[in-house]
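Welcome! Please take a look at the structure below, and then we can walk through a few of its features together.

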Amino acid sequence: MKNFRLIARLDIKMDKLIKGIQMEGWRKVGNPNVFAKHYAEEGADELIFTDVVASLYGRNNLEEVLKSVASQVFIPMTVGGGVRTLDDATYLLKCGADKISINTGATKNPSLITDIAENLGSQACVVAIETILLDGEWIVMTENGRNHSGRKALEWASEVMDRGAGEILITAIHKEGLGKGMDLELIQNVSSQVSIPVIAGGGLGTCEHLESLIDQTDVTAVAIAQALHWKKLYLKDLRMTLDRKDYYVRPLNPTSTNKNSIV
């Protein structure tokens, strides 16, 4: 039976869960601890937390969120935002993260990928590639989509794999937060370029979008935010879609409420 992971993505500013469109126009959603626990109970296979202002403040500020969620949630957690050194990554793992996501820090210092992979393990190193199409080329953006890195996304994907990254999270910024479907061509181009797992991000809004992603690309996971936060889509429906497509679906904890609501 095939495996596919449903990952809830939580973007955080200070101590609030937020969501924007195309990485702009952030709106407050609620308490990240509450949403994280709910998504874990409802069947998310993993969680991704991103401190969206970490680059502005020069450090990741998710320690308290991490510690709180880790005490209640027992699925893998990836944490990113503001990671510039091996010490930054190590500290976040001590706070409860299972994997570290890097973007800006890696583009400015690619050896950071190797440092994390060699010292903490490739499985702990996720490289987030946030990209826009510019003059026919997919260009990697940094600082949560604010600045051009000058790097080409497909070339960068190959380099981060060669440097030891265990996974890539690819997001097409023009699709992000809209819930109108994903850029399947970009996603497949990246996944066919590398031999490590690829997480698709940006644009999933319906079960049909998930079916298209499975049928037309080789990715092994999807990261979902706005559709879950605004209750346009429920994890139980995505799980049923995977089950129909003959994918393994993780059994729910019997204590799960499964009420499709967040208190």
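Is the crossing of H8 and H9 left-handed or right-handed? The crossing of H8 and H9 is right-handed; a crossing is called right-handed if the near helix is turned clockwise from the far one by less than a right angle, and left-handed if anticlockwise.

Before going further, please note that this is a predicted model, in which local features need pLDDT of at least 70 and side-chain atom pairs count only at pLDDT 80 or more, while totals for chains, interfaces and linings use all residues. Residues are numbered from 1 along each chain as its sequence is written, and side-chain values use heavy atoms, with hydrogens and water left out.

**Two packed helices**

Two packed helices are described by the angle between their axes and the distance between the axes. Helix H8 covers residues 184–193 and helix H9 residues 207–216; they pack at an angle of about 35°, with their axes 10 Å apart. Helices here are DSSP runs (H or I, at least four residues) and strands are runs of E (at least two), numbered from the N terminus. Axes are lines fitted to C-alpha atoms over the stretch in contact, and angles run from 0 to 180 degrees between N-to-C directions. On the H8 side, Leu 184, Ile 187 and Gln 188 make the contact, and on the H9 side Ser 212, Leu 213 and Gln 216 (contact means heavy atoms within 4.5 Å).

**Aromatic pairs**

A search of the whole structure finds two aromatic pairs. Rings of Phe, Tyr and Trp (its six-membered ring) pair if their centres lie within 6.5 Å; planes under 30 degrees apart count as stacked, over 60 as edge-to-face and the rest as tilted.

| Pair | Centre to centre | Between the planes | Type |
|---|---|---|---|
| Phe 4 and Tyr 247 | 6.0 Å | 80° | edge-to-face |
| Phe 35 and Tyr 39 | 6.0 Å | 65° | edge-to-face |

Phe 4 lies in the segment before strand S1 (5–13) and Tyr 247 in the segment after helix H11 (235–244), so this pair ties together parts that are 243 residues apart in sequence. Phe 35 and Tyr 39, by contrast, both lie in helix H1 (residues 32–42), four residues apart, about one turn of the helix.

Buried means under 20% relative accessible area, exposed over 50%, and partly exposed in between (1.4 Å probe, protein chains only). Phe 4 counts as buried at 5%, and Tyr 247 counts as buried at 10%. Phe 35 is buried at 9%, and Tyr 39 is buried at 2%.

**An exposed residue**

Glu 155, found in helix H7 (residues 153–162), counts as exposed because its relative accessibility is 54%.
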